[in-house]
Amino acid sequence: MSKFSAKNFSRAVIAGILIFLGIATYGGAMYLHDKTIVTWWIPAAISFLLAGISGLTMWRLWRRLTDSKSFVFNYICHLALSCGIFLFAIYFFNYTYAKESTTHTENVLVDKKFTKIRHHRQRVSRRSYRQGNPYKVYYFDLKFENGKEKTVSVSSSRYNRTRSGSSIPLTIKTGLFGLPVVYGV
């Protein structure tokens, strides 16, 4: 067992903060991807390229945290974290700084409507959980005028009052990077 030191403690705290930051940025990118009309691999490839380029010099900063002099290990750690940060930044700035002048309403076709059944998690005792009560999540497959398709989650009231094959109006803005952003599904 290793001896307690302030250096090891601070290293563990910083690693925990960076792991939390990585999870938060990937989660935020997933949330904002649902509001953006783009194929997933385009922003992912751009963020991976930016992370790869920045990793050529930034891998040295990881030596203190990982206590390893291995280029490959530190480079992979940098890629894993910074790819999520760049991906979230692309989606965030595209969504936040959408151009108001490009706001338009587009009628999109509800190609298909479907539900998925999920289950709550129920705590049984201190350390064990089991599958809880089922609940439904409602989705539309939307087809845009330009041929793009998108699956969106909707509320149960919106699901019940919309027929498959009908069209619904969506407010769309062009984002900072030219990616269309959907508002008010």
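Colleague: What sits over the ring of Y159?
Modeller: That's the charged end of K113, 4.4 Å from the ring centre. Keep in mind that this is a predicted model.

Colleague: And K116, which ring does that lie over?
Modeller: K116 lies over the face of Y139, and the distance to the ring centre is 5.1 Å.

Colleague: OK, on to rings with rings. How many aromatic pairs are there in the whole structure?
Modeller: A search of the whole structure turns up 9 aromatic pairs. One of them is F88 with F92, which is stacked: the centres are 5.6 Å apart, with 25° between the planes.

Colleague: Why does 25° make F88 and F92 stacked?
Modeller: Because planes under 30 degrees apart count as stacked, and this pair has 25° between its planes.

Colleague: Where are F88 and F92 in the chain?
Modeller: Both are in helix α4, which covers residues 71-96. They're 4 residues apart there, so about one helical turn separates them.

Colleague: How exposed are F88 and F92?
Modeller: F88 is partly exposed, at 26% relative accessibility. F92 is partly exposed as well, with a relative accessible area of 34%.

Colleague: And what about F92 and F93, how are those rings arranged?
Modeller: Edge-to-face: their planes are at 70° and the ring centres are 5.4 Å apart. F93 counts as partly exposed, at 35% relative accessible area.

Colleague: Changing topic: which residues form the nonpolar patch on the surface?
Modeller: W40, W41, I42, I46 and L50. Together they have about 540 Å² of accessible area.

Colleague: Where is W40 found?
Modeller: W40 is in the loop between α1 (6-33) and α2 (41-58).

Colleague: Is W40 buried or exposed?
Modeller: Exposed, because its relative accessibility is 60% and anything over 50% counts as exposed.

Colleague: Last one, L49. Where's that, and is it buried or exposed?
Modeller: L49 is in helix α2, and it's exposed, with a relative accessible area of 53%.

Colleague: How many residues apart are L49 and C83 in sequence?
Modeller: They're 34 residues apart in sequence, and in space the C-alpha to C-alpha distance is 8.4 Å.

Technical notes: Residues are numbered from 1 along each chain as its sequence is written. This is a predicted model: local features need pLDDT of at least 70, side-chain atom pairs count only at pLDDT 80 or more; totals for chains, interfaces and linings use all residues. Side-chain values use heavy atoms; hydrogens and water are left out. Rings of Phe, Tyr and Trp (its six-membered ring) pair if their centres lie within 6.5 Å; planes under 30 degrees apart count as stacked, over 60 as edge-to-face and the rest as tilted. Helices (H or I, at least four residues) and strands (E, at least two) are DSSP runs, numbered from the N terminus. Buried means under 20% relative accessible area, exposed over 50%, partly exposed in between (1.4 Å probe, protein chains only). A charge sits over a ring if NZ of Lys or CZ of Arg is within 6 Å of the ring centre and within 35 degrees of the ring normal. Patches are made of residues with over 30% relative accessible area and no salt bridge: like charges are joined within 9 Å, nonpolar side chains (Val, Leu, Ile, Met, Phe, Trp, Tyr) within 5 Å. Accessible areas come from the Shrake-Rupley method with a 1.4 Å probe; for residues, only the protein chains shown count as cover. A salt bridge is a side-chain nitrogen of Lys or Arg within 4 Å of a carboxyl oxygen of Asp or Glu.
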